[in-house]
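Let's take a friendly walk through one protein model. Have the sequence and the 3D view ready as you read.

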Amino acid sequence: MNKLEIKKTLKLVDWPLIILLVIFMLASLLILVQTTARPFDGTESGWGDISAKLNFYYPRLQLIWYASGFAWIALMCAMNYHTLARMTRWAILVFGLALVAVLFTERTRGISGWFSVGARGIQPAEYTKLLIILIVAKFASQQVDSNERIRFNMEFVKTTAIVGL
């Protein structure tokens, strides 16, 4: 990409939304640090004593998830949305199989919803939610009239109501 294309692309970014998202992300990290810290007893005399009681394991893990989320966003923005629309049938098949397969995994606390990957787990239902968003977006794009407005016919209303539930 040349400089002109980069400038055009950056103008399309919804910067207030990005700034608000970063503010919420930072707030969530602070809350995570606070809720996972060992209790303070009032004898802390400086930053060394305070930081010794803070647990940064989960905030670091959350930062990794944030970074992977931004990487996915960048990938989705770089892809042609027509390609994404064509991939939905395959994605439905893959995620459908993953949702069925997870029923046969080992139960943890009576729940089977995770694939174990090392010390972590992957929950296919979370990725399926993203797929549902793409499917609804594809459906909505097919409901656009000549003025680039979505036609709110009964089929569209029923479909979005079902997905919303």
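Helix 2 gives the nonpolar patch its largest share, three residues. This is a predicted model, in which local features need pLDDT of at least 70, side-chain atom pairs count only at pLDDT 80 or more, and totals for chains, interfaces and linings use all residues. Residues are numbered from 1 along each chain as its sequence is written, and side-chain values use heavy atoms, leaving out hydrogens and water.

Helices here are DSSP runs of H or I with at least four residues, numbered from the N terminus. Which residues form the patch on the surface? They are Ile 6, Leu 10, Val 13, Trp 15, Ile 19 and Ile 23, together with about 530 Å² of accessible area. Helix 1 (3-12) and helix 2 each supply at least two residues of the patch.

Buried means under 20% relative accessible area, exposed over 50%, and partly exposed in between (1.4 Å probe, protein chains only).

| Residue | Relative accessible area | Class |
|---|---|---|
| Ile 6 | 38% | partly exposed |
| Thr 35 | 57% | exposed |
| Thr 88 | 5% | buried |

Ile 6 lies in helix 1. Thr 35 belongs to helix 2 (residues 15-36), and its side chain reaches the backbone oxygen of Leu 32 at 3.3 Å. The C-alpha atoms of Thr 35 and Leu 54 are 9.2 Å apart, with the two residues 19 residues apart along the chain.

Thr 88 sits in helix 5 (residues 81-101). Apart from neighbours within four places in sequence, Thr 88 is in contact with Leu 131 and Lys 138, where contact means heavy atoms within 4.5 Å.

Key. Polar contact = N/O pair within 3.5 Å; in protein donor to acceptor, adjacent residues only side chain to side chain. Patch = residues over 30% accessible without salt bridge, like charges linked within 9 Å, V, L, I, M, F, W, Y side chains within 5 Å. Areas by Shrake-Rupley, 256 points an atom, 1.4 Å probe, with all protein chains shown as cover. Salt bridge = Lys/Arg side-chain N within 4 Å of Asp/Glu carboxyl O.
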